[in-house]
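Here is a short briefing on one protein chain. Look at the sequence and the fold, then work through the points below.

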Amino acid sequence: MFDQKNFNDIPRFLKLSMSINEEYISKPIAVQKKTIKVISKRDKDEYPRAEIKDGKYVLPWKTDEVAPDVWNHLKSIFSLDSSEVPKEEKLNDVPLMQLTKPDPQLIANPPENGIRVTWLGHATALFQLDSVNILINPNFKAKSTKRYRPPVYTVEQLPHIDCVFITNTHVGYLDLSSIKQLIDRFGEMLLWYVPMGMCDWMTKAGCVNVIEMDWWNEDEIHFIDQNIKDNEEETKTTVFNIACTPSQSYHNRSFDDDNAVLWCSWVIRSPRYKIFISGSTGYANVFQCIGKKYGPFHMAALPIGGYDPKSRNGYSNLTPEQAVQVHKDILAVCSLGLSWGTFTFSNEHYLEPPQRLNEELKKSNMSVMQFFLLKHGESRIVEIKETDGENNDIVVGSANDLSSKRVITEDNIVEKVETELLQELVNDRINDIQ
């Protein structure tokens with residue numbers, strides 16, 4: 001059971017700061033790995049596993065929402081589309097819709113300290129930590145009738161990628177052309193983590209080094225930094241632990257393979273940091289189990305959009321309010337909102353997710369430091385340190401503008417520039433409705 005008191009106590013022992021550190025020197029990285037299969041002796045209700053019936057994966061828990069099917073999709077055709085995405089000229093004037101200028105040099109290397117995260121649109125993000133570059137749910141397809149904000153970075157502008165994580169097979173999360181671009185750029189050594197049943201599809205796409213995992217299984221990777229200098233050879237190994245964890249989603253990539261492939265979330269643990277990637281998911285109590293087993297997390301990536309209409313999308317897409325609840329369930333120190341502001345896959349107003357997120361944060365007495373949004377292509381460094389004492393400050397800054405730095409204490413919360421941006425979004429939403 002989630003303990004709100006313990007969650008509220010977490011910031012008292014942590015210091016979070018965001019800054020730029022570009023002094024880290026790039027090193028070529030090779031990979032060694034071994035798989036650890038974890039057989040849990042816990043009750044199956046605490047650590048549930050997906051069931052297979054007639055060749056299809058089935059959720060092991062009951063849900064209030066109904067999994068989407070052909071009938072739900074047909075009904076959704078007649079639902080009201082309130083997305084109201086304006087033309088590009090107006091989008092460029094909306095603060096959080098603005099495209100950040102690509103800066104390959106900024107993201108060329110992981111920071112020496114902290115986690116750098118870069119939002120690459122929809123569910124795609126780059127995480128850089130402890131000498132490793134991790135890409136999640138890559139979709140760099142610029143030409144799409146559903147996409148209204150293009151990717152800021154191309155595959156050619158990315159830094160060296162060590163691992164790619166796929167959470168589910170929805171078209172916004174798994175794009176074949178992007179997979180092939182990554183293979184062409186980084187070759188066969190690129191490591192792919194996918195849920196059960198996806199290996200065959202990935203292999204046909206050209207991927208070679210594919211790790212297929214089931215819920216609650218764990219994997220250990222040894223990243224080898226090979227920094228070769230004149231008359232000097234030294235090998236350093238950084239160990240990452242990966243856990244495949246549950247989520248509430250579905251698979252229907254084609255007409256005849258409904259739920260033949262599993263869906264999942266991911267826990268990524270480096271020597272200093274822990275990250276949670278939920279993927280496309282509806283709300284379920286299983287997130288409390290994940291928080292109990294692996295939390296707290298330094299950072300989480302959680303979807304906040306794509307939930308309307310509820311009859312079609314509610315099963316596998318969090319509302320902003322539910323995303324805040326997942327943030328609490330998994331004991332996250334801070335979370336990044338994903339899966340909004342890029343595609344017209346759903347019917348909610350394109351500014352509604354950040355508006356509702358802002359409202360829910362206020363209701364929960366949370367700041368935008370704890371659950372933040374980025375502009376397309378924007379990067380942010382989060383550095384979290386354990387500290388002693390009772391009056392710890394939380395220092396917040398933007399990776400692109402150090403002048404926006406503020407100080408947040410338990411007695412005095414000065415919300416940073418992002419709050420003003422969210423308020424402008426709310427005002428834009430009101431003006432659009434009027």
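Asn137 lies in the loop between β7 and β8. Its phi is near 45°, a positive value in a residue other than glycine. At 1% relative accessibility, Asn137 counts as buried; buried means under 20% relative accessible area, exposed over 50%, and partly exposed in between, with a 1.4 Å probe and protein chains only. Helices (H or I, at least four residues) and strands (E, at least two) are DSSP runs, numbered from the N terminus.

This is a predicted model: local features need pLDDT of at least 70, side-chain atom pairs count only at pLDDT 80 or more, and totals for chains, interfaces and linings use all residues. Residues are numbered from 1 along each chain as its sequence is written, and side-chain values use heavy atoms, with hydrogens and water left out.

**Backbone points**

- Most residues other than glycine have a negative phi, and most peptide bonds are trans.
- Asp130 has a positive phi, near 45°.
- Asp130 sits in the loop between β6 (125-129) and β7, and is buried, with a relative accessible area of 7%.
- The peptide bond from Gly295 to Pro296 is cis, with omega near -5°.
- Pro296 belongs to the loop between α6 and β15.

**Cavities**

- The whole structure holds 2 cavities of 30 Å³ or more.
- A cavity is a set of points, on a 1 Å grid over the protein atoms alone, where a 1.4 Å probe fits but cannot get out; lining residues have an atom within 4 Å of a point.
- Grid points are joined across faces, edges and corners, and a volume is the space filled by probe spheres set on the points.
- The largest cavity has a volume of about 60 Å³.
- Asn137 is one of its lining residues, and others include Ala123, Tyr173, Gly279 and Leu338.
- Strand β15 (residues 299-303) gives the most to this lining, with 3 residues.

**Nonpolar cores**

- In soluble globular proteins, nonpolar side chains tend to be buried together.
- A nonpolar core is a set of buried Ala, Val, Leu, Ile, Met, Phe, Trp, Tyr and Cys residues joined through side-chain atoms within 4.5 Å.
- The largest core has 80 residues, of which Phe127, Ile134, Tyr193 and Trp215 touch the most other members.
- Helix α6 (residues 286-294) supplies the largest share of this core, 5 residues.
- A second, separate core of 27 residues includes Leu135, Trp192, Val194 and Val210.

**Aromatic rings**

- The whole structure has 12 aromatic pairs.
- Rings of Phe, Tyr and Trp (its six-membered ring) pair if their centres lie within 6.5 Å; planes under 30 degrees apart count as stacked, over 60 as edge-to-face and the rest as tilted.
- Tyr148 and Tyr350 pair edge-to-face, 6.5 Å centre to centre with 85° between the planes.
- These two are 202 residues apart: Tyr148 is in the loop between β7 (132-136) and β8 (163-165), and Tyr350 is in the loop between β16 (335-338) and α9 (352-363).
- Tyr148 counts as buried at 15% relative accessibility, and Tyr350 counts as buried at 4%.
- Phe165 and Tyr193 are stacked, 4.9 Å centre to centre with 10° between the planes.
- Phe165 is in strand β8 and Tyr193 is in strand β9 (residues 191-195), 28 residues apart.
- Both Phe165 and Tyr193 are buried.
- Ring pairs also link Phe276, Tyr283, Phe287 and Phe297 into a cluster.

**Charges over rings**

- A charge sits over a ring if NZ of Lys or CZ of Arg is within 6 Å of the ring centre and within 35 degrees of the ring normal.
- Lys274 lies over the face of Phe297, at 5.9 Å from the ring centre.
- The charged end of Lys293 sits over the ring of Tyr47, 5.0 Å from its centre.

**A hairpin and a covered helix**

- Two strands pair if DSSP finds at least two bridges between them.
- β13 and β14 (residues 274-277) pair in the antiparallel sense over 4 bridges.
- They form a hairpin with 4 residues between them.
- Arg269 has Lys274 in β14 as its bridge partner.
- In β13 (residues 265-269), 4 of the 5 residues are buried, so this strand is largely enclosed by the rest of the structure.
- Helix α8 (residues 320-329) is mostly covered, with 7 of its 10 residues buried.
- Among those buried residues are Pro320, Val324 and His327.

Methods: On a 1 Å grid over the protein atoms alone, a cavity is a set of points where a 1.4 Å probe fits but cannot get out, and a pocket is an open set with protein on both sides within 12 Å along at least five of seven lines; lining residues have an atom within 4 Å of a point.
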